[in-house]
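Here's a quick tour of how side chains meet in this model. Keep the viewer open as you read.

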Amino acid sequence: RFWFKRGITVRDLELRGHGGGQGYGVMSHGSSDITIDNLEISDFVIGVHVAYGHNGAVSEQVTIRNSIIRNNKAQGFLGGAKGLLLENNVFDSNGSDNGTRDHNIYLSSGPYEVPGITVRGNTLTNNTAYAGAICKAVALVGHGNMPNLTIENNTITETASSTVCWGIAINGVTGSDVVQAFPGLVIRGNTVAIHGTGNVGITCDSCPDAVIENNTIIRTGSDGSFTGVHIPSGTPSVARGDMPDNNITVRNNTIHIEAPDRPTGISLAPVSASDVIVSNLVLFGSQSNRAQCLQTRGRSIQSFEAIDNNLCWRSGGAAFSWSGQAKTLGDAQAAGFGQSSPSLDPRLSTLKQAASAVVRSTLSTASPAINAGHRTLSSPRDKAGVQRDMQPDIGAVERAARPAAPASLTVQ
């Protein structure tokens, strides 16, 4: 336990509770320059708790990396700090004590502004599965006031889920007087794979200037509905001072929804003339009834900076709706949407095991998604972090991508 401490490193330890979910593995209040490295933390009520101290002393520069945090009754990680880094950890089977309020990772700012949090390269599995339960909450959630939050290159896998199992949700919370604000949010390069009846892959609200890019979202299982990217997840509170949703970019995501009823690839409701939906690949399984590629809530083409170069397809060529207002791509194009959007089999080639089902994630050499992305608004780098070429592909992975050349080279 660290109270108002500074400059502490803890590494190479196993911390195990007494069972039954009591106490904390690591607790840090109002501390700074704390590093937790290569720990195994299990069987507490909360694995790691990082919080503000008394009189507004916010924790700063806390790093938790290379650790295994599992089988904790309520939360795997809870809290926030200025400059917090969660990197290369495993979070498994945390939560179930309080249903939808328990999570593998729960980012919270408390009553303060906590900027610069990064959650990178972690593996999250079996959310709220403590004592053998199934996923019934958000695996990675954030509430509060967290400018410039980055969530990248994480893998979330749920092999059994209920309808309230979501992948990533950075959004406001009801019943609180704390301003909810996530300006400059970046969610990129993550893999979210949910099997069962979970119904949202990635969502945010109160997230102006958010960029949602290069994510792979997979939903298998035949029951329930599902939306790959859903913005906003709620309505920001004007009275509370929450930030509005505007200038949202959703680009180069690959979304594979295998079988649910009423699935939607991307839903974006904010009204902002600078919103962008480009270069996304949405694939529905042949059993996905009443599938819908995009839901734009009645917005006109003039309410977007760009909404184009998105490939949508239903396996076997079965019918689906292009959007809530257009039954077909032709109908959408007649209204000004998707002039460069193909509706063809994307010919995904690589078979991968995810969420208890074999799914396809990368482009074959004959894919119509190759070189079909938006020339200027696609993500500059793909899911692996390598530079896209001058004719970017649709989806998270650039088939011909190569590592970017160094910015400068000096030879002596």
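How many salt bridges does the count come to? By the rule used here (a side-chain nitrogen of Lys or Arg within 4 Å of a carboxyl oxygen of Asp or Glu), the count comes to 13.

## Ground rules

This is a predicted model, so local features need pLDDT of at least 70 and side-chain atom pairs count only at pLDDT 80 or more, while totals for chains, interfaces and linings use all residues. Residues are numbered from 1 along each chain as its sequence is written, and side-chain values use heavy atoms, with hydrogens and water left out.

## Salt bridges

Take Arg65 and Glu87 to begin with: their side chains meet in a salt bridge at 3.7 Å, N to O. Arg65 lies in strand 6 (residues 60-65) and Glu87 in strand 9 (residues 85-87), so the pair ties together parts 22 residues apart in sequence. Strands here are DSSP runs of E, at least two residues, numbered from the N terminus. Arg65 counts as partly exposed at 26% relative accessibility, while Glu87 is buried at 14%. For those words, buried means under 20% relative accessible area, exposed over 50% and partly exposed in between, with a 1.4 Å probe and protein chains only.

Asp275 and Arg299 form another bridge, at 3.0 Å, N to O. Each sits in a loop, Asp275 between strands 26 (264-268) and 27 (276-278) and Arg299 between strands 29 (292-295) and 30 (306-308), so this pair ties together parts 24 residues apart. Asp275 is buried at 0%, and Arg299 is buried at 7%.

## Aromatic pairs

A search of the whole structure turns up 3 aromatic pairs, meaning rings of Phe, Tyr and Trp (its six-membered ring) with centres within 6.5 Å; planes under 30 degrees apart count as stacked, over 60 as edge-to-face and the rest as tilted. Phe284 and Phe320 have ring centres 6.1 Å apart and planes at 50 degrees, so they are tilted. Both are buried. Phe320 and Trp322 are tilted too, with centres 6.4 Å apart and planes at 40 degrees. Ring pairs link Phe284, Phe320 and Trp322 into a cluster.

Definitions and conventions: Helix = DSSP H or I, 4+ residues; strand = E, 2+ residues; numbered from the N terminus.
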